[in-house]
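Please look through the structure shown here together with its sequence. The paragraphs that follow lead from the sheet to the spaces within the protein and then to its aromatic rings.

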Amino acid sequence: MLPNKIKSLQHPIVKDLVKVRKNKQFRYEKKSLVITGNKTIKEISLKNKIKILLFASDEIPDISCEKKIQVTNEIIKKISGIQSPEDLLAVVDLPKEQDLFKKKYLLILDRLSDPGNLGTLLRTALAFGWEGVIFTPETTDPFNDKSFRS
């Protein structure tokens, strides 16, 4: 599969993905999430469908996805919001809510406002084998780019 190429920071796909990263309402409307980090993307691709894979290298990555787009480092930087990002970005579907009935170990997050702390708590719950998380409406978005990177 030959990838498409984007070189403009003003391209509609670039603008759309920046908005997905920055805007919670738009992210939920599009049901999409922008993922950064080569290792994270490779791990996610093993169990989840990647809709779009953006890469800033000359080599086409061997990662299964619906669409591959070759971009510049500046585009990766703009979409990710990271000063020194790695050369891959992925767009995946937001996970669907799951039934937590009969689950024994749940983490309930109420009014947690710091995305970094939220990410740390989620990572810890996963490490301990907890079965689910409940977020109250006042809790920061778990798909905020800072939460997700944590």
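In this predicted model, Leu-53 has Ala-90 of β5 as its bridge partner. The strands concerned are β3, which covers residues 50-55, and β5; they run antiparallel and are joined by five bridges. Strand β5 also pairs with β2, again in the antiparallel sense and over five bridges. Here the bridge partner of Val-34 is Val-91 in β5.

These pairings belong to an open sheet of five strands, whose order is β1-β4-β3-β5-β2 and whose pairing is mixed. Strands β1 (4-5) and β2 form the edges, since each of them pairs on one side only. How far is β5 enclosed by the rest of the structure? Strand β5 has six residues, and five of them are buried, so this strand is largely enclosed.

Sorted by class, the lining of the largest cavity comprises four nonpolar residues, one polar residue and three charged residues.

Is Asp-145 buried or exposed? Its relative accessible area is 17%, which is under the limit of 20%, and therefore Asp-145 counts as buried. Between Asp-145 and Ile-35 there are 110 residues of separation in sequence, yet the two lie 8.2 Å apart in space, C-alpha to C-alpha.

The largest pocket has a volume of about 1900 Å³. It is lined by 40 residues, and those nearest its centre are Pro-95, Leu-122, Phe-135, Phe-143 and Phe-148. Two or more lining residues come from each of α2 (24-30), β2 (32-36), α3 (38-47), β5, α5, β7 and α6 (145-149). Which element gives the most to this lining? The answer is α5, with five residues. By class, the lining of the largest pocket divides into 19 nonpolar, 10 polar and 11 charged residues.

The last topic is the aromatic rings. A pair of such rings is described by the distance between the centres and the angle between the planes. The model has two aromatic pairs. One of them is formed by Tyr-105 and Trp-130, with 6.1 Å from centre to centre and 55° between the planes, and this pair is tilted. The pair links distant parts of the chain, as its members are 25 residues apart: Tyr-105 is in the loop between β5 (88-93) and β6 (106-109), and Trp-130 is in the loop between α5 (115-127) and β7 (132-135). Tyr-105 has a relative accessibility of 45% and so counts as partly exposed. Trp-130, at 38% relative accessibility, likewise counts as partly exposed. A further ring, that of Phe-26, has Lys-19 over its face, at 4.6 Å from the ring centre.

Conventions. Residues numbered from 1 in each chain as written. Predicted model: local features only at pLDDT ≥ 70, side-chain atom pairs only at ≥ 80, totals over all residues. Heavy atoms only, no water. Phe/Tyr/Trp six-rings, centres within 6.5 Å; stacked < 30°, edge-to-face > 60°. Helix = DSSP H or I, 4+ residues; strand = E, 2+ residues; numbered from the N terminus. Buried < 20%, exposed > 50% of the residue type's maximum accessible area, 1.4 Å probe, protein only. Lys NZ or Arg CZ within 6 Å of the ring centre and 35° of its normal. 1 Å grid on protein atoms, 1.4 Å probe; cavity = no way out; pocket = protein on both sides within 12 Å on 5 of 7 lines; lining within 4 Å. Points joined across faces, edges and corners; volume = space filled by probe spheres on them. Nonpolar A, V, L, I, M, F, W, Y, C, P; charged D, E, K, R; others polar. Pairing = 2+ DSSP bridges.
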